[in-house]
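Let's take a friendly walk through this fold, starting with its cross-links and then moving on to its strands. Have the viewer open as you read.

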Amino acid sequence: MSLGPTMPVCLQGVPCDGVYAGAKIIVRLQGGEAVAHAVTNQQGKFRVDLAAGKYIVGVETEAALPRCSEAQVIIAAGVTVRADIDCDTGIR
């Protein structure tokens with residue numbers, strides 16, 4: 001999970017994005033029902049165990065920023081799936 005930009009002016013050769021540690025993850029069925037929650041670790045990663053099916057993975061926020069994308073994932077039995085989510089800090 002990435003968070004950026006992390007500074008108002010990005011410099012060449014200096015990363016302008018970072019990881020989003022402590023983000024509150026929500027996993028929902030396609031119909032909207034929440035089926036799992038997680039929190040990202042210091043590397044911006046999380047893990048949830050899900051049954052095979054289609055899910056929407058998002059971030060629960062209490063403020064307007066950061067604004068995060070959602071990931072639609074299809075889980076097959078016994079397969080690990082990666083969901084990449086980008087969050088915009090609003091810094092300009």
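Which handedness does the link of C68 and C87 have about the S-S bond? It is right-handed, with 115° about that bond. The pair ties together distant parts of the chain, as C68 sits in strand β6 and C87 in strand β8, 19 residues apart. Please keep in mind that this is a predicted model.

**Disulfides**

The structure contains two disulfides, and counting bonded cysteines along the chain gives the pattern 1-2, 3-4. Here they are side by side.

| Disulfide | S to S distance | Angle about S-S | Handedness |
|---|---|---|---|
| C10 and C16 | 1.7 Å | -55° | left-handed |
| C68 and C87 | 2.1 Å | 115° | right-handed |

C16 has a relative accessible area of 12%, so it falls under the 20% cut-off and counts as buried. C10, at 44% relative accessibility, counts as partly exposed.

**Strands and sheet**

The protein has zero helices and eight strands. An open sheet of four strands is ordered β2-β1-β8-β6, with mixed pairing. Strands β2 (18-19) and β6 (67-68) stand at the edges with a single partner strand each, so one side of each has no neighbour in the sheet. β6 runs antiparallel to β8 (residues 86-88), and two bridges join them. Within this pairing C68 stands opposite C87, and a disulfide joins these two residues as well.

There is also a hairpin to look at. Strand β3 (residues 24-29) pairs with strand β4 (residues 34-39) in the antiparallel sense, over five bridges. R28 stands opposite A34 in β4. Four residues lie between the two strands, and G32 in the turn has a positive phi of about 110°.

**The protein as a whole**

Along the principal axes, the C-alpha atoms fill a box of roughly 45 × 25 × 20 Å. Of the 92 residues, 30% count as buried. The accessible surface comes to about 6,000 Å², and 52% of it belongs to carbon and sulfur atoms. Among contacts with a separation of 6 or more, 40% come from residues 24 or more positions apart. As for charge, there are 8 positive and 9 negative side chains, and the centres of the two sets lie 3 Å apart.

Terms used. Residues are numbered from 1 along each chain as its sequence is written. This is a predicted model: local features need pLDDT of at least 70, side-chain atom pairs count only at pLDDT 80 or more; totals for chains, interfaces and linings use all residues. Side-chain values use heavy atoms; hydrogens and water are left out. Two strands pair if DSSP finds at least two bridges between them. Buried means under 20% relative accessible area, exposed over 50%, partly exposed in between (1.4 Å probe, protein chains only). Contact means heavy atoms within 4.5 Å. Accessible areas come from the Shrake-Rupley method with a 1.4 Å probe; for residues, only the protein chains shown count as cover. Lys and Arg count as positive and Asp and Glu as negative; His and the chain ends are not counted. The place of a charge is taken as NZ of Lys, CZ of Arg, CG of Asp or CD of Glu. A disulfide is a pair of cysteine sulfur atoms within 2.5 Å.
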